[in-house]
Amino acid sequence: MTLAIWIATALAAFATMEVWAALLHGKVWHHALWSIHRSHHTKRRGAFEKNDALASLHAPIAAGLIMYGSWGAPGPLREAAFGFGLGMTAFGLAYVLVHDGLVHGRLPVSGLARIPYLARVRDAHRVHHGTGGPPYGLFLGPLVLARGAAAGARAARAARSAQRAR
């Protein structure tokens, strides 16, 4: 039963984090926190950018959930907290590998592009950088772009332009 709770809540957390990240990115980072996030949309100088601070905001929450799930009073809430913390952590790791590594080349993971969906994720995120608009999420970026013929046509033009610019 415990393992089932961990798996279910970890998967739910991973999916929730994609939606949450897209919401934060589009509604907060591109508005109220643009002074920090702008560094991600300009040429980076050095290994780090101001925007890297935004990526670490959820780590203490995930760590706290995992700690409560390890040391809290036994019961379903403790198990759910542990699973949710694991899911948040898994999302963060996947995000760093795909976003910072594959999309922006900050980690040596270019081989991930051999996975067709991850190559489409990379291209969708490059559309975002080309236009400053949607998709704001990462892993669902290709699906967001596929919605609606007009949005899809604009995205394809921007993706081709981004590929030529490389």
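A: Thr 9 is found in helix α1, in a model that is predicted. Its relative accessibility is 16%, and because buried means under 20%, Thr 9 counts as buried. Two polar contacts of its side chain can be described. The side chain of Thr 9 reaches the backbone oxygen of Ile 5 at 2.7 Å. A polar atom of the Thr 9 side chain also lies 3.3 Å from the backbone oxygen of Trp 6. When neighbours within four places in sequence are left aside, Thr 9 is in contact with Glu 79, Ala 80, Gly 83 and Phe 84.

Helix α1 covers residues 2-29 and helix α5 covers residues 76-103. Their axes are 7 Å apart, and the two helices pack at an angle of about 45 degrees. That angle makes α1 oblique to α5. The crossing of α1 and α5 is right-handed. By class, the contact of α1 with α5 has 15 nonpolar, four polar and two charged residues.

Helix α5 also packs with helix α6, which covers residues 116-131. The axes of α5 and α6 come within 10 Å and cross at roughly 70 degrees. The two helices are therefore roughly perpendicular to each other. From α5, Val 98, His 99, Leu 102 and Val 103 take part in this contact, and they meet Leu 118, Val 121, Arg 122, His 125 and Arg 126 in α6. The residues of the contact of α5 with α6 divide into five nonpolar, two polar and two charged.

As for the chain that holds these helices, its secondary structure comes to eight helices and zero strands. The C-alpha trace spans about 55 × 35 × 30 Å along its principal axes. Of the 166 residues in the chain, 36% are buried, and Thr 9 counts as buried as well. Among contacts between residues at least 6 apart in sequence, 49% join residues at least 24 apart.

Methods. Residues numbered from 1 in each chain as written. Predicted model: local features only at pLDDT ≥ 70, side-chain atom pairs only at ≥ 80, totals over all residues. Heavy atoms only, no water. Axes fitted to C-alpha atoms, helices over the stretch in contact; angles between N-to-C directions. Helix = DSSP H or I, 4+ residues; strand = E, 2+ residues; numbered from the N terminus. Parallel < 35°, antiparallel > 145°, perpendicular 65-115°, else oblique. Left-handed = near helix turned anticlockwise from the far one by under 90°. Nonpolar A, V, L, I, M, F, W, Y, C, P; charged D, E, K, R; others polar. Contact = heavy atoms within 4.5 Å. Buried < 20%, exposed > 50% of the residue type's maximum accessible area, 1.4 Å probe, protein only. Polar contact = N/O pair within 3.5 Å; in protein donor to acceptor, adjacent residues only side chain to side chain.
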